[in-house]
Amino acid sequence: MAIVSSETLHASCVAIDGRAVLIEGRSGEGKSDLALRLIDRGALLVSDDYTICTRSDGALLGSAPANIVGKIEVRGIGVIDMAHQDRVPIALLVTILDAPPRMPEGPLKRRDAGLGIPEGALARLEPSGPG
């Protein structure tokens with residue numbers, strides 16, 4: 001397996017049916033909260049707060065840094081151990097924003113580790129948002 005490039009993003013990551021969703025946002029905006037909501041609905045933790053994105057054989061894979069593997073912060077409780085998955089192909093990047101565009105202009109992709117990832121945004125403070 002040839003590793004072409006990698007980078008660490010300030011993003012949480014969960015796996016749904018073998019595909020990863022990166023959750024990006026500023027500190028305290030709800031990355032871990034959204035990850036926990038998805039885990040409650042059947043997702044598996046990949047990484048909390050920081051995710052290593054590695055380009056390998058034409059795919060972008062998400063993994064946790066060694067010091068936080070299998071750990072997630074639960075606000076008001078602390079850091080807990082949790083079942084996790086490693087090296088999951090990243091399928092989507094969700095960014096938590098104060099005011100995302102109401103109607104985005106078509107499909108968006110962002111380049112990470114040299115590969116395009118479909119991108120979307122969620123409003124932080126709306127009832128359907130993560131916070």
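Thr 95 counts as buried, with a relative accessibility of 12% (buried means under 20% relative accessible area, exposed over 50%, partly exposed in between, with a 1.4 Å probe and protein chains only). The model is predicted: local features need pLDDT of at least 70 and side-chain atom pairs count only at pLDDT 80 or more, while totals for chains, interfaces and linings use all residues. Residues are numbered from 1 along each chain as its sequence is written, and side-chain values use heavy atoms, without hydrogens and water.

Thr 95 belongs to strand β9; strands (E, at least two residues) and helices (H or I, at least four) are DSSP runs numbered from the N terminus. Neighbours within four places in sequence aside, Thr 95 is in contact with Glu 24, Glu 119, Gly 120, Ala 121 and Leu 122 (contact means heavy atoms within 4.5 Å). The side chains of Thr 95 and Glu 24 are also joined by a polar contact of 3.2 Å.

The largest nonpolar core has 13 residues, of which Leu 22, Cys 53, Ile 90 and Ile 117 touch the most other members. Such a core is a set of buried Ala, Val, Leu, Ile, Met, Phe, Trp, Tyr and Cys residues joined through side-chain atoms within 4.5 Å. Two or more residues each come from β2 (11–16), β3 (19–24) and β9 (88–97). Another core, of 11 residues, lies apart from it and includes Val 21, Ile 23, Leu 45 and Ile 72.

In helix α1 (residues 31–40), the buried residues are Lys 31, Ser 32, Leu 34, Ala 35 and Ile 39. Seen down the axis of α1, these residues fall within an arc of 160°, so they line one face of the helix; the arc is that of the directions from the helix axis to the C-beta atoms.

Conventions. A polar contact is a pair of N or O atoms within 3.5 Å; within protein, one must be able to donate a hydrogen and the other to accept it, and residues adjacent in sequence count only if both atoms are side-chain atoms.
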